[in-house]
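Thanks for coming. I will take a few minutes on one model, and please hold questions until the end.

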Amino acid sequence: MTVQKRNFIIIWFANFLVAGTMTMIMPFLSLYIETFGDHSEAYVQKWAGLIFGATFITALIMSPIWGRVADKYGYKPILLINGFGIATSVFLMGFVHSVEAFFLLRLLNGVVTGFIPTSLAFVSSQTAREEAGKRLGTLQMGSVTGTLFGPILGGLLADAFGFKYTFIITSFSVVVAAIIVLIGIKEEKRIKDAKSAHYSRKTILSGLLHHRLMLNVMIVTALIQIGNFSIQPLLSLYVADLSHATNVAFLAGITFSAAGVGNLLFARRWGKLGDDIGYEKVLGTLLLLSFLFIIPQAFVTNIWQLIICRLLFGISMGGMIPITTALVRREAPINIQGEVMGYNTSFRFLGNIIGPMFGGIVSGFIGISSVFILTGVLFLLGFAFLYYAKRKPVQDFEDFLAEGEKQRAKV
């Protein structure tokens, strides 16, 4: 077995453990807050939203920083720092007695929530450009599988052992992932070309915001997460409106998981197709399919119709993250790939923050079904932006950055 293949298998399994861990507490987040005192329902709901979003805020800020450090010192040290950091913050969550302390630990958790993005960058750096989509799609299957099983396992553990020991068990699983990476991963030292340019943070960020293709990749990355998270907090309510059954939570869980199953089944296939016919073509197709599959969700009349639509929507969404990551892999110079992928991850976390707020505001004014329609419009806008960028002359991102660095030097 080659070093690259062994590294990939280890990272896949580690991603499964970490992704599952990060979603384990979701089923009992509000219930855990209630144990801190005799609080009103409104108080619990407010803090549940703040504590849920806290991780994404600090992760948004830190992702490019971790990427830049990884470019300089290697990916393995960052994977270990993030792995043990996540484990420590989750372990301490089991011993807090106030919402303020819980909130601060979630902020700390966001500081070290760079394991999965860094693993994507690490695998990408060891993968040939012509097969990056397929490899990254396969890697995504690990994190998606963990995300599907994490909430179920977290709920079972909480019922069996209580909240405190669930956090302890969860942190132990991340320690296992970090130890596996420590022992098993062998990172080949990248030979730096003496002629390779060095770009400042300002030049890289300005380049991303002004390069047509890269800017569209970042926007689409945020739209993916907005589309995923805009309806998640409202899904149980929507299911309750469609079904008069008593097991609404179970039906909502099935509906939520349907999108994950579609994602799991087709992520690798979309990535391989992108390798074969071009990432821009596949990304444009997926944006159109996401628009077509999310709109009918606003007009369903039965729960089974919604589940089918969510499955189809998950199929179209499943290829977007590996495709956008492969695009970054193709365009970004090798010596700054970690930082550029860090910014791409920041846009993902930005979508995580905007999505629930967007869904809540829209549903509050014009109803839950309108969230599906307006989210679909966002996907259509993403396709329009990508189509516009493709019709313009091709911009070489490395040349674009070099020109920007020259202009900055003159100032």
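First, the provenance. This is a predicted model, in which local features need pLDDT of at least 70 and side-chain atom pairs count only at pLDDT 80 or more, while totals for chains, interfaces and linings use all residues. Residues are numbered from 1 along each chain as its sequence is written, and side-chain values use heavy atoms, with hydrogens and water left out.

How many salt bridges does a search of the whole structure find? It finds four, where a salt bridge is a side-chain nitrogen of Lys or Arg within 4 Å of a carboxyl oxygen of Asp or Glu.

One of them joins arginine 330 to glutamate 280, at 2.5 Å from N to O. Arginine 330 sits in helix α15 (residues 320-331) and glutamate 280 in helix α13 (residues 279-294), so this pair ties together parts that are 50 residues apart in sequence. Helices here are DSSP runs of H or I, at least four residues, numbered from the N terminus. Arginine 330 also bridges to glutamate 331, at 2.8 Å.

On accessibility, buried means under 20% relative accessible area, exposed over 50%, and partly exposed in between, with a 1.4 Å probe and protein chains only. Glutamate 280 is buried at 16%, and glutamate 331 is buried at 16%. Arginine 330, at 25%, is partly exposed.

Another bridge pairs aspartate 276 with lysine 272, at 3.3 Å. Both lie in helix α12, four residues apart, about one turn. Aspartate 276 is exposed at 52%; lysine 272 is partly exposed at 39%.

Now the core. The largest nonpolar core has 99 residues, and Val340 is among those with the most contacts inside it. Such a core is a set of buried Ala, Val, Leu, Ile, Met, Phe, Trp, Tyr and Cys residues joined through side-chain atoms within 4.5 Å. Helix α4 (residues 75-93) gives the most to this core, eight residues.

Last, the surface. A nonpolar patch of about 1,100 Å² includes Phe299, Leu350 and Val377. Patch residues have over 30% relative accessible area and no salt bridge; nonpolar side chains (Val, Leu, Ile, Met, Phe, Trp, Tyr) are joined within 5 Å, like charges within 9 Å. The largest share, six residues, comes from α16. Valine 377 lies in α17 and is partly exposed at 36%.

Notes:
Areas by Shrake-Rupley, 256 points an atom, 1.4 Å probe, with all protein chains shown as cover. Helix = DSSP H or I, 4+ residues; strand = E, 2+ residues; numbered from the N terminus.
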